[in-house]
Amino acid sequence: MNKCKAAYCRIFQKCFKIAIPFLPYRHPEVFYSTSKLTGLFEEKGIDTILIITDAGIRKFGLLDRMLMHFDHHNIHYFIYDKTVANPTTTNVEEARVLYLEKHCDAIIGFGGGSSIDCAKAVGARIAKPKQSLSKMKGILKVHKKLPLLVAIPTTAGTGSETTLAAVITDAQTRHKYAINDFPLIPAYAVLDPKVTISLPPSLTATTGMDALTHAVEAYIGGSTTRHTRKYAKKATKLIFDNIYKAYDDGQNIEARKKMLKASFFAGCAFTKSYVGYVHAVAHSLGGKYNIPHGLANATILPMVLEDYGSTIYKKLYQLAVYAGIADESDDYEIAADKFISAIKDMKKYFQIGDTFSEIQKEDIPELSRYADKEANPLYPVPVLMNAKELEKYYYMLMPEEEK
């Protein structure tokens with residue numbers, strides 16, 4: 001990256017870090033069971049709700065327990081279940097129309113990050129009916145208060161229930177972009193481990209590693225605070241202590257509960273301190289090829305950490321020691337290597353590969369431009385890279401025979 005652009009990025013990030021204490025960050029109020037929602041809605045005078053989810057969640061009956069409570073308390077609801085893995089502008093508009101047609105007065109995002117992000121974007125469109133989502137992409141362009149928004153994560157990974165971001169894919173161009181503003185933070189989050197029990201091992205693994213990526217990228221970046229460092233360290237330890245248990249035994253309620261906490265803590269960390277190039281590259285792959293976000297993050301994470309080199313040894317040492325992966329007596333480089341090796345071991349155990357056959361060589365310049373545009377100047381990464389420099393990651397992610 002040339003010196004002028006690098007200076008601009010660092011000045012932008014420094015100003016944003018200085019502003020953090022003065023910005024209206026908040027955490028959602030947390031419930032630990034979906035049964036608590038009936039009392040909330042009765043207290044708020046809400047009787048018609050739009051539930052945004054996906055077909056798989058509805059098919060497997062994950063909504064049933066919550067809906068039984070709603071039926072018992074005469075709370076009306078309508079379900080939009082067409083959300084796709086990387087939610088599109090079409091999803092958002094279809095759900096928005098349903099919300100308006102049925103005269104709903106609250107929204108529940110029930111599912112993984114895709115359903116929750118779709119719910120956030122629907123809320124933004126309802127709050128600003130004359131503005132398209134593309135006009136809201138970037139930072140602080142929503143401004144308006146959303147309808148009451150509840151997030152119920154069924155995966156322990158995205159942390160969307162606590163963040164100010166919604167990531168949406170343009171249905172026409174397949175460009176994936178983030179909308180970031182404080183009104184998008186859900187008013188309430190339900191961390192109910194019972195709704196995560198049926199999550200298959202593969203998704204338990206990739207969504208858990210998604211949360212790990214949030215914690216690590218937030219921690220190694222240049223915009224951390226005392227609180228975000230604490231949340232990132234707690235999330236990292238909880239993940240290393242519990243992800244294997246949840247993967248091996250999906251019925252382990254305690255492990256599921258702790259993974260939800262880890263995801264929540266990681267969300268608290270990165271919503272203030274942001275992420276980095278792992279996410280920027282992953283988002284471009286998700287938008288272009290519909291590669292699941294958690295899988296992309298899990299695949300890319302150790303690659304980028306190794307590439308950052310000595311700039312992050314000390315921070316990885318701190319994470320490694322806190323998580324019990326390294327000893328305090330280790331030097332920074334050795335501890336960092338142990339930490340990255342532990343992530344590689346995790347990938348191997350979960351049968352997560354190192355490449356994506358979907359990547360086409362001719363797409364790489366466009367993909368790297370998208371990653372550059374997303375990350376710079378917003379993400380306070382340890383090492384700055386421009387679009388040309390980011391291309392190497394896509395080549396590293398290509399199977400050898402296709403390069």
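Which residues are buried in helix 14? The views below start there. This is a predicted model, in which local features need pLDDT of at least 70 and side-chain atom pairs count only at pLDDT 80 or more, while totals for chains, interfaces and linings use all residues. Residues are numbered from 1 along each chain as its sequence is written, and side-chain values use heavy atoms, with hydrogens and water left out.

**View 1. Helix 14 and its buried residues.** A335, A336, F339, I340, A342, I343, M346 and K347 are buried in helix 14 (under 20% relative accessible area, with exposed over 50% and partly exposed in between; 1.4 Å probe, protein chains only). These residues lie on the same side of helix 14, because they cover an arc of only 145 degrees around the axis (taken from the directions from the helix axis to the C-beta atoms). Their cover includes helix 8 (201–220), helix 9 (226–248), helix 12 (293–308) and helix 13 (313–322). Helices (H or I, at least four residues) and strands (E, at least two) are DSSP runs, numbered from the N terminus.

**View 2. The two ends of helix 14.** Helix 14 spans residues 332–349, 18 residues in total, and reaches 26 Å from its first C-alpha to its last, close to the 26 Å expected at 1.5 Å a residue (1.5 Å times one less than its number of residues). At its start, a side-chain oxygen of D331 comes to within 3.2 Å of the backbone nitrogen of E333. Just after the helix, Q351 has a positive phi of about 60 degrees.

**View 3. T236 among its neighbours.** Here we look at T236, a residue of helix 9. T236 counts as buried because its relative accessibility is 0%. Setting aside neighbours within four places in sequence, T236 is in contact with L212, A215, L319, A323 and F339 (heavy atoms within 4.5 Å).

**View 4. Helix 2 and its packing.** L37, T38, L40 and F41 are buried in helix 2 (residues 37–44). They line one face of the helix, because they fall within an arc of 160 degrees when seen down the axis of helix 2. The buried residues of helix 2 pack against strand 1 (29–31), strand 2 (48–52), helix 4 (64–72), strand 4 (106–111), strand 6 (148–153) and strand 9 (188–190). G45 follows helix 2 and has a positive phi, near 70 degrees.

View 5. Strand 5 and strand 8 (residues 176–180) run parallel and are joined by two bridges. I139 has N180 in strand 8 as its bridge partner.

Terms used
A polar contact is a pair of N or O atoms within 3.5 Å; within protein, one must be able to donate a hydrogen and the other to accept it, and residues adjacent in sequence count only if both atoms are side-chain atoms. Two strands pair if DSSP finds at least two bridges between them.
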